[in-house]
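Please keep the structure in view while reading.

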Amino acid sequence: MRVPHSWLTEVLHAGTPDWSVSPDELDAGFVRVGFEVEELVSLDNVTGPLVVGRVESIEELTEFKKPIRFCLVNVGADEPQEIVCGARNFAEGDLIVAALPGSVLPGGFAIASRKTYGRNSNGMICSTLELGLGRDHSGILVLPEGTAQPGDDAKVVLGLDDSVIELNVTPDRGYAFSVRGLARELACSFDLPYVDPARTMPTEVTGDAWPVTVEPESGASRFALRKVVGIDPAAVTPWWMQRRLLLAGVRPISAAVDVTNYVLHELGQPLHAFDASKLDGHLVVRRANAGETLTTLDGVERSLDAEDVVIADGTGAISLAGVMGGASTEVDDSTSDVVLEAASFDPLAVFRTGRRHKLSSEASKRFERTVDSALPVAALDRAAQLLVEIAGGRIEPVLTDIGEAARFPSVTMDFDLPDRIAGVQYPDGTAARRLAQIGCTVEVDVDGGGHGQLVVDPPSWRPDLVQRADLVEEVLRLEGLEKIPSILPSAPGGRGLTAEQKRRRAVGKALAFAGYVEVLPPVFLPKGIFDTWGLDADDPRRATTSVLNPLEADRPDLATTVLPGLLEMLNRNIARGQRDVSLFGIAQVVLRHDATAAVDALPVDRRPTDDQIAMLRGSLPAQPVHVGVVLAGQREPSGPWGPGRAAEAADAFAAVRTVAAASGVHVDLRAAQHLPWHPGRCAEVLLDGEVVGHAGELHPAVLERAGLPPRTCAVELSLSALPVVESLPAPEVSPYPAVLQDVAVVVDASVPAASVEAALTIGGGELLESIRLFDVYEGEQVGEGRKSLAFALRFRGSDGTLTEDQATAARDAAVAAASTAVGAQLRS
């Protein structure tokens with residue numbers, strides 16, 4: 001919203017005649033009440049002789065490629081000034097603004113005498129753009145007759161001692177898209193009395209201005225018309241109005257159009273002027289008919305949608321309601337009778353129409369943000385009076401006014417609620433005074449406990465004031481947010497991370513220390529991923545939960561497993577040149593159950609009942625936390641130290657043990673078949689006999705269909721299925737040296753290494769400090785269907801140094817236990 005400083009000052013002078021501030025103070029005033037100032041432009045950027053001139057003669061120079069005019073301009077001197085100009089929008093006798101030699105225009109453009117196109121040019125005839133008054137450069141500025149005399153100081157006539165401020169108006173403050181609304185905010189900022197310019201004057205009404213029907217489906221809450229007859233079509237808009245429109249960014253067109261644009265910017269009510277002679281019978285505000293077309297004022301023929309709201313007469317649609325008028329009833333240079341229209345249209349309908357037709361206007365910008373429904377009649381009266389003052393004619397004593405101003409529910413709040421929320425002790429009566437300043441009707445009441453309350457009726461232009469928090473925000477905003485102290489609350493003692501949060505962090509740190517990089521798995525499943533994996537139709541992972549409005553239309557299903565997202569990220573890294581990748585992610589998955597279902601919207605005007613909350617919670621799917629790991633390429637990089645080592649299933653099993661150790665639990669691994677893992681290189685993770693996850697190498701067919709590297713490995717565990725173990729064990733450090741022993745045992749090839757390790761651990765007893773598998777061998781030396789497992793054992797005593805014999809005895813006991821448990825034989 002662009003508005004000149006002088007216009008705002010004039011409105012505030014109605015309440016405080018001697019009020020005045022500098023442009024910088026004006027800027028600060030808006031910022032103080034929460035408005036963002038985008039630009040503050042001073043018009044005082046012209047130096048040197050800038051005068052009003054009258055064009056006495058024009059000679060057309062036709063010998064050049066473009067039309068050029070040689071003009072004699074009366075600038076109040078003894079002799080007319082010779083000026084060459086290329087503009088075509090002025091004639092002999094017109095008043096113009098001439099920059100004489102020695103003047104400097106905005107942008108540092110210096111004017112000097114020079115010879116051009118074979119003639120002397122002693123100055124320049126200026127456009128509004130060159131003077132800094134507007135953005136129109138289509139022609140030079142022609143002043144209305146009687147504005148000034150040749151030779152007058154144009155700086156005074158143009159008001160170049162003014163400034164223009166441009167504000168960013170947020171969508172919830174539609175009232176601020178007007179001088180009326182901005183002046184009210186300034187009155188609050190500077191604590192001034194405010195006189196509303198939207199005052200209605202009692203007038204005699206003898207009938208309707210025009211027959212109208214407003215269909216309920218149109219969404220129009222108010223529709224008003226007033227008729228002005230006998231205006232002079234050739235009347236010229238006075239300079240004071242043209243200037244304000246130019247500074248607001250609007251190009252003056254004609255008296256009737258300029259008046260509607262002026263009132264729009266002054267009061268914030270969009271208006272439209274119909275040529276009464278072009279209207280055909282009864283007007284109807286309705287939705288557009290299928291296949292209906294309308295040529296708008298911009299000359300574009302538009303095919304209307306059934307959702308568009310139009311104003312129609314006997315010939316069909318004549319205006320796109322709230323957006324732009326139609327060309328068939330446009331006011332032109334022969335119009336003498338005008339029907340002025342003001343309305344309140346549905347903001348959402350106007351917004352959708354504008355986007356549908358890719359059409360934005362000053363009217364639609366305001367309707368989209370809600371226009372004061374009490375304004376139409378006041379705006380019509382103001383526009384009709386201005387039009388008669390400028391173009392003559394008379395206001396017919398007729399008025400059509402369908403609908404009424406909106407009334408918003410009262411809001412009750414404790415009178416000291418702003419003080420309690422801000423932590424500031426405001427003077428008594430501050431809340432009531434500030435709310436009254438923004439237009440609210442405020443009454444004081446007392447609740448049952450004897451506590452003072454304010455009963456607040458929001459004004460018709462503030463539909464955003466619907467709850468106590470909105471009223472508190474207004475009081476704090478107008479009192480100054482900078483007055484609210486910034487005091488950090490003290491953290492309560494005895495709190496911190498929950499046990500689940502600590503475990504999650506511990507798992508993340510452990511995997512990171514193991515060389516994995518954490519990523520955030522997507523919450524939505526890729527389309528067709530389970531078909532790529534080859535899952536059965538009844539696989540529980542296919543029982544997904546869909547959302548109605550997903551971020552991506554082809555991904556409506558919430559993830560039941562974290563692996564698809566991790567594999568996507570693995571694929572993306574590989575596509576960007578990364579060959580050795582180890583990733584992990586911790587995220588919730590969504591597992592539906594029999595009670596999972598859609599729930600009707602709950603009321604928002606009160607707290608839901610306990611039964612409603614229980615129903616809502618019961619309808620939600622389970623959302624356990626899973627941890628996933630994927631790795632491909634080399635697990636140990638190659639280099640001078642050797643060729644490196646490719647990732648294998650054993651690395652996935654090691655990741656499982658890392659997660660278990662960080663969680664403080666013990667898990668077992670057992671061979672299993674579970675897609676998308678390789679049937680011969682997959683293990684299920686067991687906790688007390690219950691399956692809590694899977695790990696191993698992925699199935700070659702799945703990898704091929706997914707475009708992933710061969711031998712890719714993956715892990716997925718349910719962290720939520722692991723018990724939370726919060727223990728703080730004291731470490732036992734023995735001062736005595738360790739004794740290292742290696743043992744190799746032969747078992748059937750089907751026996752898991754984990755089972756052998758568990759048996760050795762039991763047999764080793766308290767002296768066994770650690771055990772590690774370091775070699776697996778299958779070959780002729782151990783026989784067909786057999787394998788050799790080599791373990792490194794470390795023994796240590798807590799009360800003395802172990803002898804070799806004691807360590808050997810403990811080793812033999814471990815082998816004996818493994819022999820009994822899994823049939824292990826000591827390899828010779």
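## An enclosed helix

Helix α6 (residues 239–247) is largely enclosed by the rest of the structure, because 8 of its 9 residues are buried. Here buried means under 20% relative accessible area, exposed means over 50%, and partly exposed lies in between, with a 1.4 Å probe and protein chains only; helices (H or I, at least four residues) and strands (E, at least two) are DSSP runs numbered from the N terminus. The buried residues of α6 are W239, M241, Q242, R243, R244, L245, L246 and L247, and just after this helix G249 takes a positive phi of about 90°.

## Basis of the model

This is a predicted model, in which local features need pLDDT of at least 70 and side-chain atom pairs count only at pLDDT 80 or more, whereas totals for chains, interfaces and linings use all residues. Residues are numbered from 1 along each chain as its sequence is written, and side-chain values use heavy atoms, with hydrogens and water left out.

## The chain as a whole

The chain has 21 helices and 40 strands. Its radius of gyration, taken over C-alpha atoms, is 41 Å, well over the 28 Å given for 828 residues by the globule rule (2.2 Å times the number of residues to the power 0.38), so the chain is more spread out than a compact globule. Along its principal axes the C-alpha trace spans about 130 × 80 × 60 Å, and 47% of the 828 residues count as buried.

## A buried histidine

H272 lies in strand β16 (residues 271–275) and, at 13% relative accessibility, counts as buried. Leaving aside residues up to four places away in sequence, H272 touches L297, G325, V339, L340 and E341, where contact means heavy atoms within 4.5 Å.

Most residues other than glycine have a negative phi, and most peptide bonds are trans. Against that background, D191, in the loop between α5 (179–189) and β14 (212–214), has a positive phi near 55° and is partly exposed, with a relative accessible area of 44%. T370, in the loop between α9 (362–367) and α10 (376–391), likewise has a positive phi, of about 80°, although it is not a glycine, and T370 is partly exposed at 32% relative accessible area.

A cis peptide bond, with omega of about 15°, joins L675 and P676; P676 is found in the loop between β33 (668–671) and β34 (677–687).
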